[in-house]
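Subject: Structure for your review

Dear colleague,

Please find below the structure that I promised to hand over to you. My notes on what was found follow it.

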Amino acid sequence: MHTILRMSANARVSARIGKPRKDAGFTLPEVLLAAMIIIIAFTTLLSVIPYSSASVQSGNQLSSATFLANQKLEEAKNVPWGTAPANDCLGLSANANAAPTVPAGQTCTLGGTVIAAGAALPWAADQNSTAITNFNGYSRNVRIVDCSAVGSCFPLIGDPGMRRVIVSVTFQPMTTSSTAAATKTVTLSMIVAQR
């Protein structure tokens with residue numbers, strides 16, 4: 001009986017060695033396939049990073065340009081333009097390419113400084129890409145349109161007591177390639193009434 005037990009014990013041991021276990025791990029083809037899938041996923045992810053980076057930067061630049069335009073519109077709201085006493089610091093642009101000046105027959109008293117008719121208004125001067133503090137690369141201009149002629153500001157209305165303030169901010173967007181992108185411009189406008 002002792003011999004039989006030994007044989008059956010040996011039989012059990014050999015049976016365990018010969019059968020593969022279910023929790024033995026991954027085979028080499030499975031590991032290689034998993035590695036290939038991970039490499040493809042990371043390669044695809046890496047190719048998207050420059051585009052997403054450029055999109056985030058573009059959104060940041062667009063937000064900055066909009067902020068700078070709004071900043072100048074707020075400034076325009078606060079400059080005096082009234083009839084009693086006559087004080088026209090809002091000014092008018094002679095054309096679409098000219099910064100506003102004090103209109104003929106008017107003067108502007110702004111912060112203790114008197115500006116004569118035809119003179120440039122310091123608050124509305126054109127600013128090149130190095131003139132705006134902390135916003136290198138952005139240029140800004142202000143144009144003021146007289147709304148007294150019908151259709152100049154409104155389709156069927158003309159009102160000499162209103163002017164349209166147009167602020168344009170231009171910047172060079174970031175690109176993902178070596179070619180330079182076309183400049184972008186954000187333009188905001190509002191109507192200001194004489195006070």
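In which helix do Lys77 and Glu74 both lie, and how many residues apart are they? Both residues belong to helix H2, and a separation of 3 residues places them about one turn of the helix apart. Please keep in mind as you read that this is a predicted model.

Salt bridges

Side chains of opposite charge can pair when their charged atoms come close. The structure holds 4 salt bridges, and I describe several of them below.

The side chains of Lys77 and Glu74 form one of these salt bridges, with 2.9 Å from N to O. Lys77 is partly exposed, its relative accessible area being 40%. Glu74 is likewise described as partly exposed, at 43%.

Helix H2, which covers residues 28–78, also contains Glu75 and Lys72. These two residues are 3 positions apart, so about one helical turn separates them. Their side chains meet in a salt bridge with an N to O distance of 3.1 Å. Glu75 is partly exposed, with a relative accessible area of 30%, whereas Lys72 is buried, with a value of 5%.

A further salt bridge joins Asp126 and Arg143, whose closest N and O atoms are 2.8 Å apart. Asp126 lies in the loop between strand S4 (113–115) and S5, while Arg143 lies in strand S5, so the pair ties together parts that are 17 residues apart in sequence. Asp126 counts as partly exposed, at 42% relative accessibility.

Is Arg143 buried or exposed? Arg143 counts as buried because its relative accessibility is 10%, and the cut-off for buried is under 20%. The strand that holds Arg143, S5, spans residues 138–146.

Which residues does Arg143 touch, leaving aside those up to four places away in sequence? The list consists of Ser93, Asn95, Ala96, Asn97, Ala98, Ala99, Asp126, Arg164, Val165 and Ile166. Asp126, the salt-bridge partner of Arg143, is therefore among the residues that Arg143 touches. For Asn97, there is a further detail: its backbone oxygen lies 3.4 Å from a polar atom of the Arg143 side chain.

Aromatic residues

A pair of aromatic rings is described by the distance of the centres and the angle of the planes. A search of the whole structure finds 3 aromatic pairs. One of them is formed by Tyr138 and Phe171, and this pair is tilted, with 5.6 Å from centre to centre and 40° between the planes. The pair links distant parts of the chain, for Tyr138 is in strand S5 and Phe171 is in strand S6 (residues 162–171), 33 residues apart.

Tyr138 counts as buried, at 8% relative accessibility. Phe171 is buried as well, with a relative accessible area of 2%. Tyr138 and Phe171 also belong to one aromatic cluster, together with Phe67 and Phe135.

A residue in the loop

Finally, please look at Asn134, which is placed in the loop between S4 and S5. Its phi angle is near 70°, a positive value in a residue other than glycine. Asn134 is exposed, because its relative accessible area is 74% and exposed means over 50%.

With kind regards

Methods
Residues are numbered from 1 along each chain as its sequence is written. This is a predicted model: local features need pLDDT of at least 70, side-chain atom pairs count only at pLDDT 80 or more; totals for chains, interfaces and linings use all residues. Side-chain values use heavy atoms; hydrogens and water are left out. Helices (H or I, at least four residues) and strands (E, at least two) are DSSP runs, numbered from the N terminus. Buried means under 20% relative accessible area, exposed over 50%, partly exposed in between (1.4 Å probe, protein chains only). A polar contact is a pair of N or O atoms within 3.5 Å; within protein, one must be able to donate a hydrogen and the other to accept it, and residues adjacent in sequence count only if both atoms are side-chain atoms. Contact means heavy atoms within 4.5 Å. Rings of Phe, Tyr and Trp (its six-membered ring) pair if their centres lie within 6.5 Å; planes under 30 degrees apart count as stacked, over 60 as edge-to-face and the rest as tilted.
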